[in-house]
Amino acid sequence: MAQSIIEIRGVSKSFGNVSVLRDVNFSIAKGEVFTLLGPSGCGKSTTLRIIAGLEDATAGEVILNGRTVYSSDKRINLPPEKRNMGMVFQSYAIWPHMTVAENVAYPLTLRKLSRAVIAERVMAALRLVDLEAQADRDAPKLSGGQQQRVALARALVYEPEVLLLDEPLSNLDVKLREQMRYELKVLQERLGLTLIYVTHDQAEALSLSNRIALMSQGQVEQIGVPDELYDRPKTEFVRDFLGKTVTIPGRVGAAEGGSARIALGNGAGDLLWTPPPGVAIPAPGSEIKIAIRPERIALSATKAGRENCLAGKIETVLYQGDRTECAVRVGNDLITIYGPPEARTMRDQNVTLVLAPEALTLWPK
Ligand SMILES: Nc1ncnc2c1ncn2[C@@H]1O[C@H](COP(=O)(O)OP(=O)(O)OP(=O)(O)O)[C@@H](O)[C@H]1O
Ligand SMILES: [Mg+2]
């Protein structure tokens with residue numbers, strides 16, 4: 001990578017004899033939004049705290065702008081205030097007895113800047129998050145979203161090179177969370193901020209990130225750009241954490257050119273699978289599972305016939321306004337797909353499922 005602002009090398013962490021991080025490695029480019037994603041307890045916050053200097057790694061190194069700020073071997077450990085990183089915690093950690101402006105000024109007061117400089121930079125930070133008008137209000141009396149923006153302004157006010165955000169939107173209701181997600185993205189792009197973002201929400205990760213590191217049990221499962229993780233997951237864990245998947249057991253049949261015919265175990269026929277470049281076709285007779293994201297299956301009212309089409313019958317419809325989720329009987333499987341809104345009235349109808357051939361992936365049984 002051209003210019004990495006942060007690099008984590010071989011970071012491991014144990015609390016007592018409980019290992020919570022194992023050999024974590026990644027590097028982040030300037031201006032990038034890099035997200036640590038994963039289920040509760042996988043080690044996201046611990047990784048973030050090690051980067052910030054709030055926690056010491058048991059092994060490994062943290063490098064900031066080419067400078068080692070932590071190394072267990074070399075016994076280097078720069079304190080948090082010398083790493084120049086802003087941090088927003090999940091709980092906002094707003095100071096209760098202060099106004100909005102006093103809250104935002106706090107990190108500068110600690111750094112003993114002059115009053116005039118502080119006043120100017122506080123207003124600039126409040127302008128960024130659109131809270132100038134609320135500067136003199138009591139911080140705890142603001143709404144959740146406004147308090148979140150105070151926390152963001154407080155982290156931005158001393159112009160950190162890197163902003164560390166630990167589930168910053170998780171305390172907000174859905175509408176506000178989506179709005180803040182959008183505002184954060186706009187602000188990040190406008191200021192060219194480097195963000196390390198922690199979340200367990202896959203939609204948030206997919207929409208905000210330049211790259212995602214998906215973690216599980218203290219290890220990084222896969223790092224990549226969002227659509228790479230979504231469309232080409234390396235493990236079933238990654239695939240299933242990021243979204244829904246339809247899987248059908250099958251058996252590899254004869255090769256046809258560069259493709260293989262897969263006989264479906266549910267009695268619904270067969271599909272033609274073409275491996276992506278560099279991937280080999282398993283030996284004929286191999287038991288596998290074939291998978292596809294539900295949104296890559298189209299619903300057609302005409303009869304099956306073409307390649308990669310399966311005949312089915314709609315058993316249940318769940319209308320959701322922008323689409324209708326349909327449970328479709330295919331052979332002896334029940335497959336959930338996303339049909340158009342009009343599918344609301346198609347219960348008990350015979351239909352054809354058209355599977356996008358390039359969206360089919362093969363997995364061990
Ligand atoms: N100070 C500590 N002492 C002992 N164990 C800890 C400590 N901090 C974290 N852990 C453990 O380390 C593991 C990872 O915790 P961490 O807070 O990094 O998870 P997380 O991915 O941020 O989870 P969540 O999404 O719930 O916030 C957990 O099993 C947790 O119990
Ligand atoms: Mg956490």
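This note goes through a predicted model, from the whole chain to the ligand shell and a few single residues.

1. Ground rules. The model is predicted, local features need pLDDT of at least 70, side-chain atom pairs count only at pLDDT 80 or more, and totals for chains, interfaces and linings use all residues. Residues are numbered from 1 along each chain as its sequence is written, chains are lettered from A and ligands numbered from 1 in the order in which they are written, and side-chain values use heavy atoms, with hydrogens and water left out.

2. Overall layout. The protein chain has eight helices and 21 strands. These are DSSP runs numbered from the N terminus: helices are H or I with at least four residues, strands are E with at least two. The C-alpha trace spans about 75 × 50 × 35 Å along its principal axes.

3. The protein chain has 365 residues, and 47% of them count as buried. Buried means under 20% relative accessible area, exposed over 50%, and partly exposed in between (1.4 Å probe, protein chains only). The chain exposes about 17,700 Å², with carbon and sulfur atoms supplying 50% of it. Areas come from the Shrake-Rupley method with a 1.4 Å probe; for residues, only the protein chains shown count as cover. Among contacts with a separation of 6 or more, 63% join residues 24 or more positions apart. Contact means heavy atoms within 4.5 Å.

4. The ligand shell. Which residues surround ligand 1? They are Phe-15, Val-20, Pro-39, Ser-40, Gly-41, Cys-42, Gly-43, Lys-44, Ser-45, Thr-46 and Glu-167. The cut-off is a heavy atom within 4 Å of the ligand. The shell divides into four nonpolar, five polar and two charged residues. Here Ala, Val, Leu, Ile, Met, Phe, Trp, Tyr, Cys and Pro count as nonpolar, Asp, Glu, Lys and Arg as charged, and the others, Gly among them, as polar.

5. Polar atoms at the ligand. A polar side-chain atom of Ser-40 lies 2.5 Å from an oxygen atom of ligand 1. For Lys-44, the distance to a ligand oxygen is 2.8 Å. Ser-45 also has a polar side-chain atom 2.8 Å from an oxygen of ligand 1. Taken alone, the ligand exposes 640 Å², and the protein buries 57% of that.

6. Helix H1. This helix (residues 44-52) gives the largest share of the ligand shell, three residues. H1 is largely enclosed by the rest of the structure, because seven of its nine residues are buried. The buried ones are Lys-44, Thr-46, Thr-47, Leu-48, Ile-50, Ile-51 and Ala-52. Just after H1, Gly-53 takes a positive phi of about 90°.

7. Cysteines. The closest cysteine sulfur to that of Cys-326 is in Cys-309, 16 Å away, so a bond is out of reach. Cys-326 counts as buried, at 0% relative accessibility. Cys-42, from the ligand shell, is buried at 2%.

8. Two loop residues. Pro-275 sits in the loop between strand S14 (270-273) and strand S15 (287-292). Its relative accessible area is 17%, so Pro-275 is buried. Beyond neighbours within four places in sequence, Pro-275 is in contact with Gly-258, Ser-259 and Ile-281. Ala-133 lies in the loop between helix H3 (115-128) and helix H4 (144-156). At 74% relative accessibility, Ala-133 is exposed.

Note on methods:
A polar contact is a pair of N or O atoms within 3.5 Å; within protein, one must be able to donate a hydrogen and the other to accept it, and residues adjacent in sequence count only if both atoms are side-chain atoms. A disulfide is a pair of cysteine sulfur atoms within 2.5 Å.
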